Amino acid sequence: MARAVHTLQIDAQLCSEVQRIVRASTYSVRDTRRARIVLLRARGQSQDAVARELGVNRPVAGLWERRFRLKDIAGLQEAKGRGRKASIAKAKLARLVCEAV
């Protein structure tokens, strides 16, 4: 038996902000995809259907829905601490740059 689909409930103002992100050409493809995940879930589509439509895995759709539930629009932004940490200290790097120039 299939699980019930729980829709994402968002108010009209928040919905219009998310739609603005989807329509704007100034946002990255990544930001637009995250906003589309939220809109499709708010329209009642399952995570599986959203993932298929947007070409992502279901856990990815679930991740951005969960982040949106917790932090609204701010949850769709990249989290701090992403990427590889610097292997050279900032002071040493600044000194090396000054010596090279």
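Contact here means heavy atoms within 4.5 Å, and helices are DSSP runs (H or I, at least four residues) numbered from the N terminus. This is a predicted model, where local features need pLDDT of at least 70, side-chain atom pairs count only at pLDDT 80 or more, and totals for chains, interfaces and linings use all residues. Residues are numbered from 1 along each chain as its sequence is written, and side-chain values use heavy atoms, with hydrogens and water left out.

Let's start with helix 3, residues 47-54. Its buried residues (under 20% relative accessible area, 1.4 Å probe, protein chains only) are Val50, Ala51 and Leu54. Looking down the axis of helix 3, these residues fall within an arc of 100° (taken from the directions from the helix axis to the C-beta atoms), so they line one face of the helix. They pack against helix 2 (29-42) and helix 4 (58-71). Just past helix 3, Gly55 has a positive phi of about 75°.

Val29 sits in helix 2. Val29 is exposed (over 50%), at a relative accessible area of 63%.

Now for the largest pocket. A pocket is an open set of points on a 1 Å grid over the protein atoms alone, with protein on both sides within 12 Å along at least five of seven lines; lining residues have an atom within 4 Å of a point.

| Largest pocket | Value |
|---|---|
| Residues given by helix 4, the most of any element | three residues |

Among the lining residues are Arg3, His6, Arg41, Asp48 and Glu65. Helix 3 and helix 4 are the elements that give two or more residues to this lining.

Conventions
On a 1 Å grid over the protein atoms alone, a cavity is a set of points where a 1.4 Å probe fits but cannot get out, and a pocket is an open set with protein on both sides within 12 Å along at least five of seven lines; lining residues have an atom within 4 Å of a point.
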